[in-house]
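Thanks for coming. I have one chain to go through today, starting with the overall fold and then moving to some individual residues.

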Amino acid sequence: MELFFKDIKLNVELPREFDAAKDTVIFIHGFTGNAEEWFPIIEQLPDSFNYAAIDLIGHGKSDKPVNPEYYTTEAIVEQIKFVKDKLTLNQPAILIGYSMGGRAALSFAAAYPKDVKGLILESASAGIKNDAERKKRYEDDMKLVQFIHDHTMEEFIELWYDQEMFNTQRRFSNDKIKKLHRKKYDNSKIGMMNILKGFSTGIMPPLHDKLKSIPVKVVLISGELDSKYTFINSKIVRGFHKAKHKVVKNSGHNTHLEEPKRFIEIVTNYLNQLLPAQVHK
């Protein structure tokens with residue numbers, strides 16, 4: 001499904017038939033990802049909801065404009081708002097975001113709390129409060145931008161997934177790892193560079209002071225073996241009006257890829273809580 005927001009195309013995948021009477025769950029992928037990565041998860045979720053997955057700006061089948069203004073936090077929030085309103089006819093939606101997509105979902109929820117019926121954040125942060133740490137993160141991301149500019153996408157993907165937080169994915173066979181990485185080789189250099197310039201954790205406005213304004217129950221998910229994000233989530237869980245932190249055993253940063261059964265169980269339990277008692281399946 002292609003939607004045009006102002007003069008840019010945003011791609012939204014609808015893996016199941018859409019029913020206007022049902023609440024809608026919107027999935028948001030991480031950096032270098034795309035909407036289709038959520039398909040194996042969505043196909044195992046309850047039939048009581050609509051499901052959609054967005055290709056964020058610069059990713060997947062969405063446009064990759066040269067103008068960096070399309071990639072700022074504010075621009076991404078407005079793009080999500082536009083997609084949500086089109087899908088739900090201006091009704092609130094349930095958002096599930098992974099990593100960078102979690103930051104996007106949280107930024108949206110903080111800006112439009114009344115538009116959110118539920119929120120699940122996987123391996124996400126609320127931004128960086130400390131100015132010196134923010135500056136350092138942005139400088140590091142600008143080095144990545146230069147690397148992308150100077151190298152092939154294949155070289156960048158190999159560099160990106162050589163980070164410690166992805167070490168746990170080495171449990172997969174070499175064939176599976178190659179297949180996972182190969183899918184990301186088609187990413188656009190412009191898209192990758194601009195999303196880092198505009199939506200780096202070092203430039204995104206930190207949201208710690210806005211967490212209380214999100215009225216719904218929030219579930220934070222992190223992998224037991226991802227010590228950095230498990231620590232981050234153990235801290236920010238206290239900042240919400242109502243939130244729980246679920247730690248997935250035997251998993252690193254990408255819990256829905258590494259331990260999909262547990263991820264699906266957490267999401268299903270959460271969604272069922274949003275249904276009237278008689279609709280539970």
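What share of the contacts in the chain with a separation of 6 or more comes from residues 24 or more positions apart? It is 77%, where contact means heavy atoms within 4.5 Å.

Before going on, the ground rules. This is a predicted model, in which local features need pLDDT of at least 70 and side-chain atom pairs count only at pLDDT 80 or more, while totals for chains, interfaces and linings use all residues. Residues are numbered from 1 along each chain as its sequence is written, and side-chain values use heavy atoms, with hydrogens and water left out.

Now the overall fold. The chain has ten helices and eight strands; these are DSSP runs numbered from the N terminus, helices being H or I with at least four residues and strands E with at least two. The radius of gyration is 18 Å, close to the 19 Å from the globule rule for 281 residues, so the chain is as compact as a globular protein of that length. That radius is taken over C-alpha atoms, and the rule is 2.2 Å times the number of residues to the power 0.38. Along the principal axes, the C-alpha atoms fill a box of roughly 55 × 45 × 40 Å.

Next, burial. Of the 281 residues, 53% count as buried. Buried means under 20% relative accessible area, exposed means over 50%, and partly exposed lies in between, with a 1.4 Å probe and protein chains only.

Which residues touch the most other members of the largest nonpolar core? They are Phe-27, Leu-95, Leu-106, Leu-119 and Leu-121, in a core of 82 residues. Such a core is a set of buried Ala, Val, Leu, Ile, Met, Phe, Trp, Tyr and Cys residues joined through side-chain atoms within 4.5 Å. Helix 3, residues 100-111, gives the most to this core, with seven residues. Take Leu-121: leaving aside residues up to four places away in sequence, its contacts include Gly-102, Ala-105 and Leu-106, as well as Val-218, Val-219, Leu-220 and Ile-221.

Last, two backbone details. Leu-89 is not a glycine, yet has a positive phi of about 55°. Leu-89 sits in the loop between helix 2 (73-88) and strand 5 (93-98), and counts as exposed at 63% relative accessibility. Asn-250 also has a positive phi, near 60°. Asn-250 lies in the loop between strand 8 (243-248) and helix 9 (255-258), and is partly exposed, at 49%.
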